[in-house]
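Q: Hey, I'm new to this one. Can you walk me through it?

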Amino acid sequence: MTLSPYQHAQAITMIDRAIAHAENGTTDWAPSVYRVPVEDYLSESRWREEMDATFMRLPLLLAFTCEMRKPGDYKTMKVLDVPILIVRGRDERVRAFINVCSHRGATLAGHSHGACARFVCPYHAWTFNDRGVLMGVADPAKFGDIDTAERNLKELPCEERAGMIFVGLTPGMTIDLDTYLGGMLAEVESFGLESWHMYHQNSLESANWKVTHDGYLETYHIPFLHAKTLSTPGANPSVIMVYEAFGEHAFGPHQRMSGSGRGGDVLAMRDIPKSEWTRDEHFHAVRTIFPNVSIAMSNTGGMISQLFPIAPDRCITIQNHLYPRPPETDREREDYDGRVDLLIRAVRDEDYKTGLAIQSGLKSGANRDFLFGRNEVGPQRWHASVDHYVEEARQGQAHAHRLAAE
Ligand code: FES
């Protein structure tokens with residue numbers, strides 16, 4: 001499959017940098033080794049602070065266009081303490097609501113995915129339309145007077161772009177995806193994800209969300225931990241990692257990582273004219289949308305992982321295996337199944353198994369901090385992003401307290 005003109009231009013930039021590194025025995029480097037206190041991976045109060053500063057304040061990629069293409073299609077999920085209902089209305093617009101009935105708080109839609117014109121609460125049958133408007137109260141004459149306009153579902157900010165559906169978990173917060181995602185939008189748009197097919201979804205349990213995320217941001221570990229799965233046999237274990245940051249800040253918070261992580265011979269690209277660096281296999285990259293999404297995908301398909309923290313020491317990952325179209329032959333289905341199986345095994349049995357062991361050793365006192373090398377630019381930037389949003393939230397709270405005191 002060929003790269004789009006945008007992807008081809010990006011490939012030239014990134015491969016040129018990788019070749020220069022290969023020739024010089026270097027890789028992208030941060031100014032220094034970076035330390036994150038182990039306590040930041042253990043502390044419940046720190047975890048809560050991180051959740052409030054990131055998941056509760058930033059747009060989250062919660063769904064995909066291909067999960068809800070038709071009017072009435074909906075999806076439910078719970079992120080932290082927020083039950084969410086995402087629905088495509090008859091006007092084709094996608095909206096999100098807190099999935100809680102406005103009568104006495106029952107869960108409105110109970111299935112993870114479905115399609116319906118109206119939502120009827122299972123408890124007392126209050127009925128809401130696809131815009132969250134309360135349409136009917138059961139036995140209204142006996143219920144008594146209420147202002148039904150005040151009893152619509154609580155709406156959450158929601159926006160659909162490039163085949164992705166973003167939701168803000170705090171009612172009333174604003175979402176500005178152009179500013180927040182910056183160049184990452186063009187990265188994802190280049191795949192044409194809006195017309196893709198969701199082939200398979202599965203969930204995996206892992207350790208603390210930062211332990212889990214650290215592994216998505218470097219390929220330093222690939223030749224070792226994934227020697228029998230993702231790495232190429234006999235590959236040079238000294239990997240090259242080339243990073244690009246996208247977003248409002250110098251550190252991103254979104255990132256693209258490419259290089260030689262899976263063992264491809266970067267120097268061999270010198271023998272191919274740049275005008276011919278146009279094929280999918282010429283440019284592999286892993287993209288990260290802060291705070292919780294990793295996109296390991298090419299134009300022939302791949303996996304988008306959504307990481308959802310559920311406790312200081314636990315995280316659930318939804319793996320979404322997406323392809324440009326459904327398989328059309330048995331051979332194609334076997335190919336898809338093989339790719340899905342490989343990714344599940346590599347992540348569950350290698351990355352997450354290692355992460356759970358890290359988690360169980362955190363309290364041992366063996367280490368006071370986690371070290372991220374100069375070569376681990378991606379994790380360094382990601383932790384800088386977490387710290388930035390935590391600090392921003394602290395300052396916002398301090399400002400609010402000052403205002404309240406005046
Ligand atoms: S709680 Fe939903 S109708 Fe009563």
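**Salt bridges and domains**

A: Let's start with a pair: Glu67 and Lys75 form a salt bridge, with their closest N and O atoms 3.0 Å apart. A salt bridge here is a side-chain nitrogen of Lys or Arg within 4 Å of a carboxyl oxygen of Asp or Glu. Keep in mind that this is a predicted model, where local features need pLDDT of at least 70 and side-chain atom pairs count only at pLDDT 80 or more, while totals for chains, interfaces and linings use all residues. Residues are numbered from 1 along each chain as its sequence is written, and side-chain values use heavy atoms, with hydrogens and water left out.

Q: Are Glu67 and Lys75 buried or exposed?

A: Both Glu67 and Lys75 are buried. Buried means under 20% relative accessible area, exposed means over 50%, and partly exposed is in between (1.4 Å probe, protein chains only).

Q: How many salt bridges does the structure hold?

A: The structure holds 30 salt bridges. Among them, Arg256 pairs with Glu187, the closest N and O atoms being 2.6 Å apart. Arg256 lies in strand 15 and Glu187 in helix 6 (residues 184-189), so this pair ties together parts that are 69 residues apart in sequence. Helices (H or I, at least four residues) and strands (E, at least two) are DSSP runs, numbered from the N terminus.

Q: How accessible are those two, Arg256 and Glu187?

A: Arg256 is buried, with a relative accessible area of 0%. Glu187 counts as buried too, at 1% relative accessibility.

Q: What does Asp178 pair with?

A: Asp178 forms a salt bridge with Arg161, and their closest N and O atoms are 2.9 Å apart. That pair links distant parts of the chain, with Asp178 in helix 5 (residues 177-181) and Arg161 in strand 11 (residues 158-161), 17 residues apart. Asp178 is partly exposed, with a relative accessible area of 47%.

Q: Which residues are linked in a network of salt bridges?

A: That would be Asp40, Arg46, Glu50, Lys210 and Asp387.

Q: OK, switching topic. Which residues are buried in helix 3?

A: Arg46, Trp47, Glu50, Met51 and Ala53 are buried there. What covers the buried residues of helix 3 includes helix 2 (39-42), helix 7 (209-214), strand 18 and helix 10 (377-405).

Q: And how is the protein chain divided into domains?

A: There's domain 1 (5-56 + 191-394) and domain 2 (60-174). Those bounds come from an automatic or database domain assignment. The centres of domain 1 and domain 2, taken over C-alpha atoms, are separated by 33 Å. Contact means heavy atoms within 4.5 Å.

Q: How much area do domain 1 and domain 2 bury between them?

A: About 1600 Å², with 67% of it on carbon and sulfur atoms. Buried area is the accessible area (1.4 Å probe) that two parts lose on being put together, summed over both. Met56, Glu194 and Phe308 supply 31% of the area that domain 1 buries against domain 2, more than any other three residues.

Q: What is the salt bridge count between domain 1 and domain 2?

A: One salt bridge. Elsewhere on the list, the side chains of Asp81 and Arg48 meet in a salt bridge at 3.9 Å, N to O.

Q: Last topic: where is His254 found?

A: His254 is in strand 15 (residues 252-259). At 0% relative accessibility, His254 counts as buried. The side chain of His254 reaches the backbone nitrogen of Phe290 at 3.0 Å. Leaving aside neighbours within four places in sequence, His254 is in contact with several residues, including Tyr180, Glu244 and Thr288.

Q: And where is the place of Thr288?

A: Thr288 is in strand 16 (residues 285-289), and Thr288 is buried, with a relative accessible area of 2%. Not counting residues up to four places away in sequence, Thr288 touches Met184, His213, Leu217, His254, Gln255, Val293 and Ser294.

Q: How far is Thr288 from Lys75?

A: Their C-alpha atoms are separated by 23 Å, and the two residues are 213 residues apart along the chain.

Note on methods. A polar contact is a pair of N or O atoms within 3.5 Å; within protein, one must be able to donate a hydrogen and the other to accept it, and residues adjacent in sequence count only if both atoms are side-chain atoms.
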